[in-house]
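Biologist: I'd like to walk through this one with you, a few residues at a time. Could you bring it up?

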Amino acid sequence: MITLKGENIYLRALEPEDLEFIHTIENDETIWEISNTMTPYSKYLIKQYLEQAHKDIFEVKQLRLVISSYKGESLGMIDLFDFDFKNGRAGVGILVKETNNRGKGYGKEALKLLTDYSFTHLGLHQLYCNISEENEASIKLFTNQGFEKIGLKKDWIDINGSYKNEYLFQLINN
C-alpha cells in the first residue's frame, strides 16, 4: 500500500500551480471562522508560502497537503500543524472545498490517509483537532475516525462579536 493514495483520492504536496486554488480558499470569508483568519491573503504572500512549502515538517512544524481526485481535481486541503516531535503530537485541520464535494467520503478518506501516515511514517503518538461546537459534520467525521471528545473550551471563538464554544478531540496511537 502506498501511504498517501486511497481508493478515490490521494494526498499530494503543494505545487506552484496551486496558487489560485489556495488563494481562493484562504480568501473565502465563509471559512475564516475555521482557520482563525481575520484578513485576506495576497497572491504575493501565498506565492512566498508556496516557495517554502518544500521544507521538512521537522523544520517548519507543519505539513499541508492537497486532497486530489484521480482526475486531477483539487478537492481540498488537509494539514498537520503545531508538529511537536518531542511529545509526538500534531494538530489536524481539513477542508473539502465546495459543498458539492462534501458528503462523498473525500474527507473521511483523506483523514484516514493522513492519520496512517502520521502514525507510521512520522512516528506520532497522537493527533488532535479543535472543532466548533456547531460544526456537526466535522464532529461526525473525526468521531467516526476514532477521535474522542476530551474537552470543551467555553466562549473560545469570537464570531462577529458572539462567542462560540469549541471542542478538543484527540486520537492516541495505541
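Biologist: Where does D79 sit?

Modeller: D79 lies in strand β3, residues 74-84, where strands (E, at least two residues) and helices (H or I, at least four residues) are DSSP runs numbered from the N terminus. This is a predicted model, in which local features need pLDDT of at least 70 and side-chain atom pairs count only at pLDDT 80 or more, while totals for chains, interfaces and linings use all residues. Residues are numbered from 1 along each chain as its sequence is written, and side-chain values use heavy atoms, with hydrogens and water left out.

Biologist: Is D79 buried or exposed?

Modeller: D79 is buried, with a relative accessible area of 17%; buried means under 20%, exposed over 50% and partly exposed in between, using a 1.4 Å probe and protein chains only.

Biologist: Which side chain does the side chain of D79 make a polar contact with?

Modeller: That of R64, at 3.0 Å, a polar contact being a pair of N or O atoms within 3.5 Å where, within protein, one must be able to donate a hydrogen and the other to accept it, and residues adjacent in sequence count only if both atoms are side-chain atoms.

Biologist: Switching to S68, what joins its side chain to R12?

Modeller: A polar contact of 3.1 Å joins the two side chains, and S68, in strand β2 (residues 63-69), counts as buried because its relative accessibility is 0%.

Biologist: And which residues of helix α6 are buried?

Modeller: In α6, residues 136-144, they are S138, I139, L141 and F142, whereas E136, A137, K140 and N144 are exposed on the face turned away from the buried side.
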